[in-house]
Amino acid sequence: MTFISHVTVQHPDLALAPTIGSVSNVAIKVVPTTGTDPETGMFFFLVETDDGDFEPFEDALEDDSTVDRWEMVADHGDTRIYRLCYTAGTKLVTPKTTEVGGMMLEARSVRQGWLLRVQLPDRKSLSKLWSYCREEGISFELDRLYQQESLTADGKSLTEAQRKALLTAFEEGYFEEPRQTSHEALAEQLDISSTAVGGRIRRGTSRLIETTLVQDE
């Protein structure tokens with residue numbers, strides 16, 4: 001069992017916080033396929049603008065106290081990828097997340113700070129992360145917390161059991177109106193209890209809503 005936490009963090013010295021606060025027409029996301037170990041000194045971000053104008057964003061980078069140097073490394077019209085180095089006083093949450101055994105699944109700009117989606121092994125690790133932020137003066141707001149039955153690379157996938165239950169339920173007309181099958185019939189087909197069928201359908205549906213609707217909002 002593992003936990004997925006949605007956390008909003010804010011502090012004037014968090015990475016790119018001055019830029020996020022001064023430019024309202026951009027969405028910034030950490031590029032997850034690149035290393036974000038501070039030992040490398042290089043961090044990558046995907047930046048999207050409403051109008052394709054990146055000049056205000058780049059001007060903000062020049063004045064950002066957390067940015068030592070930066071460069072644009074890819075241009076795709078209304079989106080660009082930037083590589084940058086932080087200044088020595090920049091506050092980071094990712095290294096502590098890794099230290100407590102967690103994984104940063106997603107980080108995107110929001111409300112002059114960052115909305116983080118973090119995979120953690122247990123509640124104790126979440127408590128350690130919260131304590132670290134409190135000691136650093138970082139505002140730490142837990143928006144959502146839910147359990148995940150199996151560890152996945154991106155924190156979004158259904159478990160195989162949930163996937164099989166949902167697909168079987170769909171194929172047998174469970175979601176039709178009127179309903180074409182029951183928990184008992186599905187339980188016999190899946191060779192599990194009717195209670196387990198209900199639980200897998202409920203948790204699987206909740207996961208799909210979480211990853212397809214809630215994230216978009």
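Modeller: A charge counts as sitting over a ring if CZ of Arg or NZ of Lys is within 6 Å of the ring centre and within 35 degrees of the ring normal. This is a predicted model, and Arg-179 lies over the face of Tyr-174 in it.

Biologist: How far is Arg-179 from the ring centre of Tyr-174?

Modeller: Arg-179 is at 3.9 Å from that centre. The cut-off is within 6 Å, and 3.9 Å meets it.

Biologist: What makes Phe-54 and Tyr-82 an aromatic pair, and why is the pair called tilted?

Modeller: The structure holds six aromatic pairs. In this one the ring centres are 6.4 Å apart and the planes make 45 degrees. Centres must lie within 6.5 Å, and planes under 30 degrees apart would be stacked, over 60 edge-to-face. The value of 45 degrees falls in the rest, so the pair is tilted.

Biologist: Which parts of the chain does that pair tie together?

Modeller: Phe-54 is in the loop between strand 3 and helix 2, and Tyr-82 is in strand 5, so parts 28 residues apart in sequence are tied together.

Biologist: Why is the pair of Trp-70 and Tyr-82 called tilted?

Modeller: Its planes are at 55 degrees, with the centres 5.8 Å apart, so it also falls in the tilted class. Trp-70 is in strand 4 and Tyr-82 in strand 5, so the pair joins parts twelve residues apart in sequence. Together with Phe-54 and Phe-57, these two residues form one aromatic cluster.

Biologist: Are Tyr-82 and Trp-70 buried or partly exposed, and how do you know?

Modeller: Buried means under 20% relative accessible area and exposed over 50%. Tyr-82 has 1%, so it is buried. Trp-70 has 24%, which lies in between, so it is partly exposed. Phe-54, at 2%, is buried.

Biologist: What makes Glu-58 and Arg-80 a salt bridge?

Modeller: Their N to O distance is 3.0 Å, and the rule asks for within 4 Å. Glu-58 is in helix 2 and Arg-80 in strand 5, 22 residues apart. Both residues are buried. By this rule there are nine salt bridges.

Biologist: How do you know that Arg-117 and Glu-106 meet in a salt bridge?

Modeller: They come to 3.3 Å, N to O, which is within 4 Å. Arg-117 belongs to strand 7 and Glu-106 to strand 6, eleven residues apart. Arg-117 has 6% relative accessibility and Glu-106 has 17%, so both are buried. Salt bridges that share partners join Lys-29, Glu-106, Arg-108 and Arg-117 into one network.

Biologist: How do you know that the buried residues of helix 5 line one face?

Modeller: The buried residues are Gln-162, Ala-165, Leu-166, Thr-168 and Ala-169. Seen down the helix axis they fall within an arc of 165 degrees, so they line one face of helix 5. An α-helix has 3.6 residues a turn, so residues three or four places apart point the same way. The face turned away carries the exposed residues Glu-160, Phe-170 and Glu-171.

Biologist: How many disulfides are there?

Modeller: A search of the whole structure finds zero. A disulfide needs two cysteine sulfur atoms within 2.5 Å. Cys-85, at 6% relative accessibility, counts as buried, and so does Cys-133, at 0%.

How values were computed. Residues are numbered from 1 along each chain as its sequence is written. This is a predicted model: local features need pLDDT of at least 70, side-chain atom pairs count only at pLDDT 80 or more; totals for chains, interfaces and linings use all residues. Side-chain values use heavy atoms; hydrogens and water are left out. Buried means under 20% relative accessible area, exposed over 50%, partly exposed in between (1.4 Å probe, protein chains only). Helices (H or I, at least four residues) and strands (E, at least two) are DSSP runs, numbered from the N terminus. The arc is that of the directions from the helix axis to the C-beta atoms. A salt bridge is a side-chain nitrogen of Lys or Arg within 4 Å of a carboxyl oxygen of Asp or Glu.
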